[in-house]
Amino acid sequence: PAPGNDGRAPSPPPDGGWGWVVVLGAFVSIGFAYAFPKGLAIFFKEIQDFFGTSYSEIAWVSSIMLATTYGAGPISSILVNRYGSRPVVMFGGLLCGIGMVSAAFCTTILQLYICVGFITGFGLALNLQPSVIIIGKYFLKKRPIANGLAMAGSPVMLCTLAPLNQFLFDNFGWRGSFLILGGILLHCCVAGALFRPIGAATASVKPQVTGKGKDALQEKAMEVSSPTSVQMKNEMEEEGERDCCEKINQYLDFSLFKHRGFLIYLIGNVLMFLGFFAPIVFLAPYAKHIGIDEYSAAFLLSILAIVDMIARPATGIIANSKWVRPRIQYFFSFAIAFNGTCHLLCPLASGYTGLVVYSTFYGLAFGMVCAMLFETLMDLVGAARFTSAVGLVTIAECCTILLGPPIGGTLIDTFGDYKYMFIKCGAVMVLAGTFLFIMNYYNYRLLAKEEKERKSKEGDPNSVRTENESKKDWNRETAQNGPELEPLREKQDALKKEVNGT
Amino acid sequence: SELITSTQTVDSQTWRNPSDHLTLGLVESTAGTSLTTEEFKQTTKENMPVTVVKYEVFLRDVSGSSMEKNITLDHATRIELSCRLDKKYSHLKSLQVTWKRGNETIGHISKTENSWSIQLNIVDNSNLGSYSCTLKDKEEISATFHLQVPNIEGKEKPIISYEGDTAVLICKSSSYTPIAWTWYVTNGSEQIAINDTLLPDKYVINRVSANVTHLKILKVTKEDNGVYWCEAAFELGKSMGKLQLKILSLMVPLKPFLAIVVEVVALVTVIFLYEIYSKKKEKCAKNEREFDQIEQLKTEASNGLENSTARQRK
């Protein structure tokens with residue numbers, strides 16, 4: 001009987017089927033993670049009046065929430081590496097719900113910091129990372145589209161949450177609204193339930209055994225499993241003692257810091273986030289500053305959100321096309337630079353029409369960048385290491401994300417003019433885009449060179465070696481894919497031994 | 001002493017088309033910062049220099065409609081109200097101009113080239129009201145100045161609070177500083193003043209800043225439901241803002257919350273059940289396929305045996 005597919009490379013992810021349901025779940029999850037902190041701003045005025053604090057003290061709630069969502073990234077990654085996406089997202093949803101429900105009963109602003117800021121923020125962190133990770137597990141060929149669609153959750157949720165929050169507030173006050181929002185956040189658990197565990201190599205694990213009933217095999221596997229599992233455990237222990245670094249890397253892959261693509265992405269993105277969010281924060285105040293009324297200023301943000309909503313899936317589709325996909329890093333750098341140019345040109349916009357044009361282009365650029373934010377990282381490090389990569393990237397971005405708007409605010413206060421803030425954001429982003437473009441060009445060339453070298457080393461007699469190499473790669477990948485493959489791997493190993501025995 | 005007129009033109013309004021009217025609304029809000037011409041000093045009997053604030057309306061078209069202008073005054077001033085006619089009408093000789101307050105006609109109209117104005121001493125509440133100038137020839141054109149105390153805005157939407165919680169009602173005066181703030185609660189049809197020294201466990205009135213007042217109601221109950229008034233006292237009168245307080249019990253948001261929780265649990269259960277069901281189906285289908293394969297092999301084997309026995313027999 002033919003042995004299992006051990007020798008071949010792991011079969012690709014499904015790229016469809018249940019994957020689209022997972023995209024829906026990720027849509028909801030990511031949407032809440034990004035849009036919820038922004039949507040809370042509606043309650044701030046009333047909470048400020050209620051507790052009698054200054055505006056900056058209330059703004060800390062938002063900042064703490066954002067900081068926790070991004071800063072808890074590595075913890076999220078470790079948990080996903082250990083337990084898989086589904087339990088983490090469901091626990092995150094539960095945590096969000098608990099956080100908001102307890103916030104409804106807060107009596108001091110400090111309690112609000114803890115309940116809304118830390119607990120809900122941490123829950124959202126446990127939602128964001130796993131959602132992005134599981135897309136990488138379910139999709140390969142259509143991954144940019146999946147990413148674009150999932151990331152579109154953010155503007156859609158924002159457009160839904162903003163009027164919903166206003167409605168809740170008018171009818172229930174801020175306490176009742178927090179209670180009900182806690183319930184709404186529990187839908188992240190529903191999204192998590194949709195994240196059926198899958199390994200990148202699920203299909204290849206089924207061995208092609210002919211002439212034997214599967215039941216018979218299973219029975220034998222169970223008989224053999226006890227000694228084999230003990231054997232496997234010993235094996236694993238040996239491996240563990242051999243290299244403790246590898247063990248840590250199993251939970252959070254610090255070896256990524258040696259990965260060239262990862263470092264390029266990290267530096268470029270950290271730089272970019274300095275100027276990414278500030279213009280959104282200051283768009284409405286800027287509009288009011290040049291004399292536009294409150295509702296029209298709010299409408300600018302709506303235009304931005306609507307264009308963003310359309311731009312994200314559209315960018316996903318474009319990024320998936322055969323011309324762009326191989327050069328997706330260039331497309332990403334272009335999107336960032338385009339974003340920066342928009343900001344640089346904003347001070348030239350005069351009057352409401354100018355600002356509407358700016359909002360449209362900003363929405364477009366913002367959507368393009370966001371849609372490809374995680375796709376490019378997946379493209380650089382691969383789906384296996386993406387789990388750890390995303391955690392490390394988010395904690396690094398955390399600092400600059402938090403610094404961006406306050407620096408912009410300081411510029412506005414010092415010069416009394418908004419244009420310096422726009423120039424700063426634009427300059428930073430154009431710089432980041434150019435940096436990424438140049439470094440990725442360099443990276444692509446080096447990758448092509450390495451590929452050529454690898455191919456020239458391989459010849460005909462090395463078909464076995466490549467098989468072993470790919471098996472090693474596959475084993476490493478499965479080790480890093482973690483528990484989603486644990487039961488399958490054990491079964492597969494048991495079956496392998498069984499098959500080899502006959 | 002010489003009498004020199006001092007006019008500080010605070011704003012001037014032109015009647016053109018609605019869009020212009022809008023931009024002038026902007027000018028109105030930045031009153032005092034734009035369009036000033038000469039400033040002289042006028043000395044009164046008391047030898048105190050008094051600045052006269054001038055409000056002007058520019059009448060361009062004889063459309064038969066009336067123009068309105070709201071002027072907010074919070075302290076005693078001397079003002080000049082002026083109606084200016086477009087130059088194209090300056091040829092009209094038989095123009096009759098009257099200044100009225102209600103039914104009362106005001107004399108002492110000072111006329112310049114194209115404008116007619118009156119000077120008023122606004123000392124107390126009785127001086128406030130609506131003053132109008134009417135220019136009559138074949139058709140009539142008029143403009144009305146509404147002199148009022150500053151408007152205090154309450155809240156249109158009710159403020160929601162929960163039983164046992166603290167409710168905070170806030171009133172702000174936009175740019176004018178009131179002399180004093182008073183809070184009233186509506187009991188039936190009466191307005192009862194809130195005395196926070198009498199009930200310090202229930203009410204706390206706090207003047208947070210010159211223009212802002214807070215009323216804190218502690219341990220709110222259903223009886224505290226209703227309309228509250230904040231009254232700002234200015235030199236020239238009083239102004240009130242209305243706020244509505246709505247008290248809810250905790251059951252009110254709890255019901256939707258529980259409904260949502262039930263919905264979430266139901267959805268999660270359905271998803272998990274569907275997953276178990278589809279896995280079972282997959283397993284069954286696989287087992288069926290394997291079973292068919294085994295059957296096929298068995299028949300093949302038995303056929304082979306039969307053939308061999310057949311051959312043997314042969």
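How many salt bridges does the rule find across the interface of chain A and chain B? The rule finds 5 salt bridges across that interface. The close-up views described below are taken from a predicted model.

**Figure 1. The interface of chain A and chain B.** In this view, 36 residues of chain A are in contact with 32 residues of chain B. The two chains bury about 2,800 Å² between them, and carbon and sulfur atoms give 68% of this area. Alongside the 5 salt bridges, the interface holds 8 residue pairs in polar contact, with both residues at pLDDT 80 or more. On the side of chain A that touches chain B, the elements giving two or more residues are α2 (41-51), α5 (85-103), α8 (153-185), α9 (187-193) and α11 (214-242) of chain A. Of these, α8(A) gives the most, with 13 residues. Sorted by class, this side of chain A comprises 16 nonpolar, 9 polar and 11 charged residues.

**Figure 2. The salt bridge between K157(B) and D170(A).** Side chains of opposite charge can pair when their charged atoms come close. Here K157(B) forms a salt bridge with D170(A), and the closest N and O atoms are 3.3 Å apart. Over all chains, the count by this rule comes to 19 salt bridges. The pair shown crosses between chains: K157(B) lies in the loop between β12 (140-148) and β13 (159-162) of chain B, while D170(A) belongs to helix α8 of chain A. That helix, α8(A), is also the element that gives the most residues to the side of chain A touching chain B.

**Figure 3. The contact between the two domains of chain B.** Chain B is divided into domain 1 (53-148) and domain 2 (155-250). Taken over C-alpha atoms, the centres of domain 1 of chain B and domain 2 of chain B are separated by 38 Å. Domain 1 of chain B brings 10 residues to the contact, and domain 2 of chain B brings 6 residues. The area buried between these domains is about 650 Å², with 61% given by carbon and sulfur atoms. Within domain 1 of chain B, the residues that lose the most area to domain 2 of chain B are T72(B), D74(B) and N125(B), which together account for 61% of what that side buries. Between the domains there are 0 salt bridges and 2 residue pairs in polar contact, both residues being at pLDDT 80 or more. The side of domain 1 of chain B that touches domain 2 of chain B has 5 nonpolar, 3 polar and 2 charged residues.

**Figure 4. The disulfide of C83(B) and C133(B).** The structure holds 2 disulfides over all chains. One of them joins C83(B) to C133(B), with an S to S distance of 1.8 Å. This disulfide is left-handed, because the torsion about its S-S bond is about -95 degrees.

**Figure 5. The surroundings of K202(B).** K202(B) is placed in the loop between β16 (190-193) and β17 (203-209) of chain B. The side chain of K202(B) reaches the backbone oxygen of K219(B) at 3.2 Å. Apart from its neighbours within four places in sequence, K202(B) is in contact with K216(B), I217(B), L218(B), K219(B), V220(B), T221(B) and D224(B).

Conventions:
Residues are numbered from 1 along each chain as its sequence is written. Chains are lettered from A and ligands numbered from 1 in the order in which they are written. This is a predicted model: local features need pLDDT of at least 70, side-chain atom pairs count only at pLDDT 80 or more; totals for chains, interfaces and linings use all residues. Side-chain values use heavy atoms; hydrogens and water are left out. Domain bounds come from an automatic or database domain assignment. Contact means heavy atoms within 4.5 Å. Buried area is the accessible area (1.4 Å probe) that two parts lose on being put together, summed over both. A salt bridge is a side-chain nitrogen of Lys or Arg within 4 Å of a carboxyl oxygen of Asp or Glu. A polar contact is a pair of N or O atoms within 3.5 Å; within protein, one must be able to donate a hydrogen and the other to accept it, and residues adjacent in sequence count only if both atoms are side-chain atoms. Ala, Val, Leu, Ile, Met, Phe, Trp, Tyr, Cys and Pro count as nonpolar, Asp, Glu, Lys and Arg as charged, and the others, Gly among them, as polar. Helices (H or I, at least four residues) and strands (E, at least two) are DSSP runs, numbered from the N terminus. A disulfide is a pair of cysteine sulfur atoms within 2.5 Å.
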